[in-house]
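Trainee: I have not worked with this structure before, and I would like to go through it with you step by step. Could you show it to me before we begin?

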Amino acid sequence: PLNQVFFALAALLGGKSILGSVIWLRIFIIAADIGILYFGRKLLKQLNLPESNIFLYLLNPLIIIELTGNLHFEGVMLFFMVAGLYLLQRQKWLFSALLFSCSIAVKL
């Protein structure tokens, strides 16, 4: 269900152009990858793990090709999951539960 919101936003922002809608979908997925970088580094820092480990995810060719190249929304799902894990680690239960539910709603 949440995935449909992204499609509707891309259709609204892209106008009557299919290319414009595709570009907006890519922007959403790239923004989610940037969010994974941000929250992933903060989560790794809290867990006393090397922050550079997040680059193993971001520089993975499978992630680059499948998510950004083929417009798969698993990256958006992972963004909500990583952000939820970060908030769970910080003991912000309500917002963490909201982000976990968004993660599930993206790929339901």
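The questions and answers below go from the whole chain to single residues.

Mentor: Before you ask, please keep in mind that this is a predicted model, in which local features need pLDDT of at least 70 and side-chain atom pairs count only at pLDDT 80 or more, while totals for chains, interfaces and linings use all residues. Residues are numbered from 1 along each chain as its sequence is written, and side-chain values use heavy atoms, with hydrogens and water left out.

Trainee: How many helices and how many strands are there in the chain?

Mentor: Helices (H or I, at least four residues) and strands (E, at least two) are taken as DSSP runs and numbered from the N terminus. Read from the N terminus on, the elements run α-α-α-α-α-α. The count for the chain is therefore 6 helices and 0 strands.

Trainee: What percentage of the residues of the chain count as buried?

Mentor: A residue is called buried under 20% relative accessible area, exposed over 50%, and partly exposed in between, with a 1.4 Å probe and protein chains only. The accessible surface of the chain, from the Shrake-Rupley method with a 1.4 Å probe and, for residues, with only the protein chains shown as cover, comes to about 6,800 Å². Of the 108 residues of the chain, the buried ones make up 35%.

Trainee: Is Gly84 buried or exposed, and which residues is Gly84 in contact with?

Mentor: Gly84 is found in helix α5, and its relative accessible area is 0%, which means that Gly84 is buried. Contact here means heavy atoms within 4.5 Å. Leaving aside neighbours within four places in sequence, the residues in contact with Gly84 are Ser96, Leu99 and Phe100.

Trainee: And Asn3, is that residue buried or exposed?

Mentor: Asn3 is found in helix α1, which covers residues 2-14. Not counting residues up to four places away in sequence, Asn3 touches Phe73, Ala105 and Val106. Its relative accessible area is 14%, so Asn3 counts as buried.

Trainee: How many salt bridges does a search of the whole structure find?

Mentor: Side chains of opposite charge can pair when their charged atoms come close. A salt bridge is defined as a side-chain nitrogen of Lys or Arg within 4 Å of a carboxyl oxygen of Asp or Glu. With that definition, the search of the whole structure finds 2.

Trainee: Which residue meets Glu51 in a salt bridge?

Mentor: The N to O distance of this salt bridge is 3.2 Å, and the pair links distant parts of the chain, with Glu51 in the loop between α2 (18-46) and α3 (54-58) and its partner in helix α2, 10 residues apart. Glu51 is partly exposed at 28% relative accessible area. The partner, itself partly exposed at 35%, is Arg41.

Trainee: How many residues apart in sequence are Glu74 and Lys107?

Mentor: The side chains of Glu74 and Lys107 meet in a salt bridge, at 3.1 Å from N to O. Glu74 lies in helix α5 and Lys107 in the segment after α6, so the pair ties together parts whose separation in sequence is 33 residues.

Trainee: Which helices each supply at least two residues of the nonpolar patch?

Mentor: Patches are made of residues with over 30% relative accessible area and no salt bridge, with like charges joined within 9 Å and nonpolar side chains (Val, Leu, Ile, Met, Phe, Trp, Tyr) within 5 Å. The nonpolar patch has about 740 Å² of accessible area together, and its members include Val5, Leu12 and Trp24. Leu12 lies in helix α1 and is exposed, with a relative accessible area of 69%. The helices that each supply at least two residues are α1 and α2.

Trainee: Where is Asn48 found?

Mentor: Most residues other than glycine have a negative phi, and most peptide bonds are trans. Phi of Asn48, however, is near 60°, a positive value in a residue other than glycine. Asn48 is exposed, with a relative accessible area of 69%, and its place is the loop between α2 and α3.
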